[in-house]
Amino acid sequence: MHDGGKRKIAQRALGALSERFHYNISGKATGWSSIQYFQQTISIKRKYKSMLPVCFDDVQNALPAVHQVLKPTALYEWPGLSKLAGCQVYLKHENHHPVGAFKVRGGVHFIGSLNAEERKEGILGCSTGNHGQSLAFACKQFGVDCTIVVPEGNNPDKNEAIRNLGAKLIEQGKDFDAAKEYLETELLPLGGIYVHSANEPKLIAGVGSMAIEIFEELSDPDAIIVPIGLGSGVCGTGIVARHLRPETKIIGVQANGADAVYQSWKQGLPKTIEAANTWAEGIATRSSAEMTLQIMREVMDEAILVSDHELRIACYHILKQTHNLVEGAGAASVAAILQQRKKFAGKKVVCILSGGNLDLKELPAILAVGK
Ligand SMILES: Cc1ncc(COP(=O)(O)O)c(C=O)c1O
């Protein structure tokens, strides 16, 4: 990557960290009484125990910003799915957002918090579609130029949706990682603010707002299941759950043909795989991201791998039981409970329906599993 690009990314990361350190030492500098200082230290210890780049307060602060633009999404229990899975299944309908995916929460929070100077720079993003739509949507709201790089052969409906939102779309690279490489080496040196789809505290805090909405409606879920691409969704959810109800298990799901993040999380080391073999492009990543991997190691209890066939079966049952059309990544959480019926038997489980932007050419194969 060009030095300018590296410097920009490093500056953002340092900015996030220095905000934390500033907060940590500020109690001392005010000359408070020792009791006040002790109380502050205890509360800081609780909140920033592990010095993660995002904490519950960040998510809580993101919530009103997100709700200025987006309505809270529905959380419904679906009896047909509950019967099928042998547990109480609640679906968090992130597929009902204007762009059809949870990522838009992060885009709105990130773009909404840029100052006037930053907005003039324009936005760059790399995506298999939903992060791109999210940025394009938010840029349109706030009047910011937006360029999105997608891999060649990307879901054409998502590409069209990005263009319809007024963003410039570039198709480059054989997969997400190659498209990202192109953005970082060729476009970033020319200028613009690069919004990484995971290594970005504001984005993680923004998507985490869906978990606050969940706990506002359902106080005691046994588990929340979240699909993982690079992990912003599972991190935001885990940060909130650890703060509001640590007993709730946070479970991530990846496709078994694209399990780089699963491997990285398990081994505690970033892993890259040769190819991301899954039709669910929203979770088709070949490597992990530093920030989300660090957070996942602290806030995610478990991870489950599902096959492409299981993703189709889950899409089918969601369609049949709820009449919601979801994309492969969006069905991953339901695929996990259908695979692990014993584990979830009798439990109260929230499945994040993370997105509904199905490439319609996949629909016949989904309907075929019901025959
Ligand atoms: C529908 C859908 N689900 C899940 C994910 C994975 O999200 P994350 O990269 O935050 O793990 C994405 C990513 O864009 C997505 O579009």
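A residue is called buried if 20 or more other C-beta atoms lie within 10 Å of its own, exposed if 12 or fewer do, and partly exposed in between, with C-beta atoms placed from the backbone. Helices (H or I, at least four residues) and strands (E, at least two) are DSSP runs, numbered from the N terminus.

This is a predicted model, in which local features need pLDDT of at least 70 and side-chain atom pairs count only at pLDDT 80 or more, while totals for chains, interfaces and linings use all residues. Residues are numbered from 1 along each chain as its sequence is written.

In helix 9, the buried residues are Phe176, Asp177, Ala179, Lys180, Leu183 and Glu184. They lie on the same side of helix 9, because they cover an arc of only 160° around the axis; the arc is that of the directions from the helix axis to the C-beta atoms. Helix 9 (residues 176-187) has 12 residues and spans 15 Å from its first C-alpha to its last, close to the expected 16 Å at 1.5 Å a residue. That expected span is 1.5 Å times one less than the number of residues.

Helix 4 (residues 79-85) contains Pro79. Pro79 is exposed, having 11 other C-beta atoms within 10 Å. Its C-alpha atom is separated by 7.5 Å from that of Val89, 10 residues apart along the chain.

Strands of a sheet pair through backbone hydrogen bonds, either parallel or antiparallel. Here two strands count as paired if DSSP finds at least two bridges between them. An open sheet holds 6 strands in the order 1-2-10-7-8-9, with mixed pairing. Strand 1 (75-77) and strand 9 (302-306) stand at its edges with a single partner strand each, so one side of each has no neighbour in the sheet. From one strand to the next, the twist averages 25°, where axes are lines fitted to C-alpha atoms (for helices over the stretch in contact) and angles run from 0 to 180 degrees between N-to-C directions. Strand 8 (residues 249-255) is mostly covered, with 6 of its 7 residues buried.

Another open sheet has 4 strands in the order 5-4-3-6, and its pairing is parallel. Strand 5 (168-171) and strand 6 (193-194) are the edge strands, each pairing on one side only. Strand 3 (residues 123-126) is covered on both faces: Ile123 and Gly125 are buried on one side, Leu124 and Cys126 on the other.

| Strand pair | Bridges | Paired residues |
|---|---|---|
| Strand 2 (88-93) and strand 10 (348-353) | 6 bridges | His93 and Leu353 |
| Strand 7 (223-227) and strand 8 | 5 bridges | Val226 and Gly252 |
| Strand 3 and strand 4 | 4 bridges | Ile123 and Cys146 |

**The ligand**

The ligand is surrounded by 20 residues, the closest being Asn130, Gly229, Ser232, Gly282 and Gly355. A residue is near a molecule or strand if its C-beta atom, placed from the backbone, lies within 6 Å of it. At least two residues of this shell come from each of helix 7 (130-142) and helix 11 (232-244). The shell divides into 7 nonpolar, 11 polar and 2 charged residues. In this division Ala, Val, Leu, Ile, Met, Phe, Trp, Tyr, Cys and Pro count as nonpolar, Asp, Glu, Lys and Arg as charged, and the others, Gly among them, as polar.
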